[in-house]
Structures are given as structure tokens and as C-alpha cells.
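Colleague: I would like to learn how to read pockets, helix faces and backbone angles in a model. Please take me through one.

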Amino acid sequence: PVVVAGRARLRNSCAAAHAAFRWASAQPGYAPGRHAYHSMLAILAKHRRFDDARALLDQMRRSSLASPAAVMLLIRRYCAARDVAGAVAAFHALPSLGFRPGVAEFHGLLTALCRYKNVQDAEHLLLSSEKEFPFETKSFNVVLNGWCNMVRSVREAKRFWNAMEIKGIKRDVVSYGSMISCFSKAGSLDTVMKLFNRMKEAGVVPDRKIYNAVVYALAKGRCVNEAKALVRSMEEKGVAPDTATFNSLIRPLCKARQVQEARKMLDDMLGRGLSPSVRTFHALLDVARSPIEVFDLLDKMKELQCDPEMDTFIMLIRKFCRWRQHDSVEKLWSAMPANGLSPDRSAYIVLIHGLFLNGRLEESAKYYEEMKAKGFPPEKKTEEMIQAWLSGRELAKASASVGSRGGSVSLRSNPRK
């Protein structure tokens, strides 16, 4: 447990975590357990050290500690890196580790591909694997959800929806939920209501997720009273509103700058004994207009034991940089460890750009070097920006040095002969 905890603290410094793991593994009387291996595998894969990750997986196999879960972890990180070939190869390597790929693993692969927007590849894999994995609604729902909610392509969602009908795939509440969610986010209220009515006509009973999507579409379409009425209707039908239901009202209200109405929804939510989520506060923080308002909301989060996430800090650092509130930026950056967070690559990039654009060039360069020291590769744009400034600074120093040496004039006149 001590070794795992140590690596958790070093999870954003891959080289240090890997060195610590190798050192611990070499100690007499200590053999890494499955949890320790999974922890190290996750860190290596997160930093795209796939050769080291595969070597570690092979080491797990030799220690009889390999598991489908470890392979699926690796597959998800391949998909995050948009390395589809690597993900599929890892899936097909399951038998070499002593495991037969089943439907659950196949669905896991499809889900991972879709989650990171490799939906076209997921669809191709699904359609080409019918012999190994016969067509079923759940498999098609994974890809449909990819088109609907990951890529958010209305055109592709319609095409795949029609393909399901052509192939005789039954469309269930999950299928309708994906489509309604897609059109809800696209702001197509008419289509949302048509799908909602059609599913009820087909005898498919709406679940909470579908109600929430329709509530969101209505609120986004400025039909707030109708959205509230639907919340009452779902309660009458025995479907209790949850945090996501109120988020479906609060988020579009905030986007429409109806902040007071959104605040009323928050109070209603709390009055029902529901706990706001990070998403609830993100919607409100996004429309906050002053540092005082931001920190009041953060205090409210703390009071309700709703811990901020890395995305919370990134959003607020970007906002404070835009407001040129550098003290607040430093306050937020320093608060991360107290919230159990360590700055990741995205946080560094947002901070570096924000400081640079505000003319705080030395600080920006300092955090750039710190980011690289932790093993985070900089974005090309970030690297070019910082390197151009560093080169300009060195050139200015060199010019100043030459000028001070070559431009000195003696004040003593030459003696007359």
C-alpha cells in the first residue's frame, strides 16, 4: 500500500513513478501485487509509454497476475492516443495471456474506441466481427451512442439509426435515449419531441435518462415552464428527478444568462435533499462575473463536500487569466494539492498560455520548464511560443552586451604632441 500510495503521488511524473516501481520490485521480500501492477500500468499508459506498458503486462503474465482488466486499461489508453491498431492488437492478444475474448471485452473495446471518437473504426469492427460476435442491440447501441454523444454527428446518427432498422436490430430504451440526447444537444426540439412520442407509441417506457434529455431540450429551447412541467410529470409516473435532472435545467439556464432562475433551481435541488455535482457548479462558475462570486461558489462546493476536479481548476485559471487576476491564479494553482490534485499537462498548458498572453513571460517560461521536467510533452504551439521568446531574450542580451563593449567612449583627450 505504501508503494502504491507513493506512485499515486508521482502519477504525473512518469519517469519517477517507473523508477520507484522498479526500485521497490528489486527489494528483497517485496513482490508487486496486482493492484501495484495496475497502478504502474495506468501511469505508463497515460504517458503513452506503450512499449514499457506492454513489457510490464508481460511481466504480469509471468507472475500469473495478468487480467482482462489490465488489458482493457491498456486498450483504453491506446484509444485515447487514437492508436486504433494498438487497441485492436491488445484485444487480440488476450488469448496469449490465457484469456478468451468474450462479449464483455468486445463491448469494452467498442466503448473505448467510441469514447475517444474513433467511432468509424468501432462501426467497421462491429460489422466485420459478426461471426465472432453475433449482432445484438447492445453492440449497436455502443456505436450509436458514439455517433450521438461522442462525435455528436446528427447525420451519422440518423444513418446508423436507419441501418439498425434495415438489419433488423431492435431499438430499445437505450437506443432512443442516445438519439434523443443527440438531438437535444443539437437544439432540435421538434425532433426530440417526435422521438419521445414515437418511443411511447412503440411501447418503450422512458427512463430517467430520457426524461432528463427532454427536460434539457425544453430548457435549452427557452421552454422553461414546459421543462418544469415534465419534471412534475416524471414524478407522477414514479420516476424521481435526480441531480442530472436539475443539471438539465441549470446548464441551459446559465448558458441563456438566466442566472437567477438557475440559482432558484439549485435551491430547489437542495431543498429536495439532492447533492449538486461538479457539473452543477461548473455551469454556475462558467457564468460567474467576479472573483468574489467564483470563490463564494468554491466555498459552497466545500460546504457541500463537492470536491473540485482538475477541469474546475483549468476552467477557472483560464477565466482568471482572461480577467488578469494573477493573484487569484496563483491562489488556485496552490490550492490543487489541498484538493488531492496534481497539475496535469492540460493545466500547465492553460497556465503557460494565460501567463504568456498577460505579459508574465518569466513565470510562463518557469512553468514551461517545470512541465517538461515532469515528463509532459508540450504542445507544438506552446513550444514554439516559449522558444521564440527565449531566443529573442538571448538575442537581446547578446546585443546589449556587444553594445556596452563596442560603444564605450574614452573621455580622456589624446595628448598633443
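Modeller: Start with the lining of the largest pocket: seven nonpolar, eight polar and seven charged residues. Nonpolar here covers Ala, Val, Leu, Ile, Met, Phe, Trp, Tyr, Cys and Pro; charged covers Asp, Glu, Lys and Arg; the others, Gly among them, are polar. This is a predicted model, in which local features need pLDDT of at least 70, side-chain atom pairs count only at pLDDT 80 or more, and totals for chains, interfaces and linings use all residues. Residues are numbered from 1 along each chain as its sequence is written, and side-chain values use heavy atoms, with hydrogens and water left out.

Colleague: What counts as a pocket, and as a lining residue?

Modeller: The search runs on a 1 Å grid over the protein atoms alone, with a 1.4 Å probe. A pocket is an open set of points with protein on both sides within 12 Å along at least five of seven lines. Lining residues have an atom within 4 Å of a point. Volume is the space filled by probe spheres set on the points, which are joined across faces, edges and corners. Here the largest pocket holds about 760 Å³. Its lining has 22 residues, and R152, K185, Y216, R251 and R279 lie nearest the centre.

Colleague: Which helix gives the most to the lining of the largest pocket?

Modeller: Helices are DSSP runs of H or I, at least four residues, numbered from the N terminus. α15 gives the most, with six residues. At least two residues each come from α9 (137-150), α11 (173-185), α13 (208-220), α15 (243-255) and α17 (278-286).

Colleague: How many residues line the second largest pocket?

Modeller: There are 15, with K46, H47, R48, R77 and R345 nearest its centre. The space is about 550 Å³. Its lining divides into six nonpolar, two polar and seven charged residues. α5 (68-80) is among the helices that supply at least two, and α5 gives the most, with four.

Colleague: Now burial. Which residues of α20 are buried?

Modeller: Buried means under 20% relative accessible area, exposed over 50%, partly exposed in between (1.4 Å probe, protein chains only). In α20 (residues 326-335), H326, S328, V329, L332 and W333 are buried. Seen down the axis, they fall within an arc of 155 degrees, so they line one face of the helix. The arc is taken from the directions from the helix axis to the C-beta atoms. On the other side, D327 and K331 are exposed. Cover for the buried residues includes α18 (291-303), α19 (310-323), α21 and α22 (361-373).

Colleague: What does I317 touch?

Modeller: Contact means heavy atoms within 4.5 Å. Leaving out residues up to four places away in sequence, I317 touches V329, L332, W333, M336, V350 and L351.

Colleague: Last, phi. What should I look for?

Modeller: Most residues other than glycine have a negative phi. In this model, R82 has a positive phi near 60 degrees. R82 is in the loop between α5 and α6 (84-92). At 52% relative accessibility, R82 counts as exposed. K117, also not a glycine, has a positive phi of about 70 degrees. K117 lies in the loop between α7 (103-115) and α8 (119-128).
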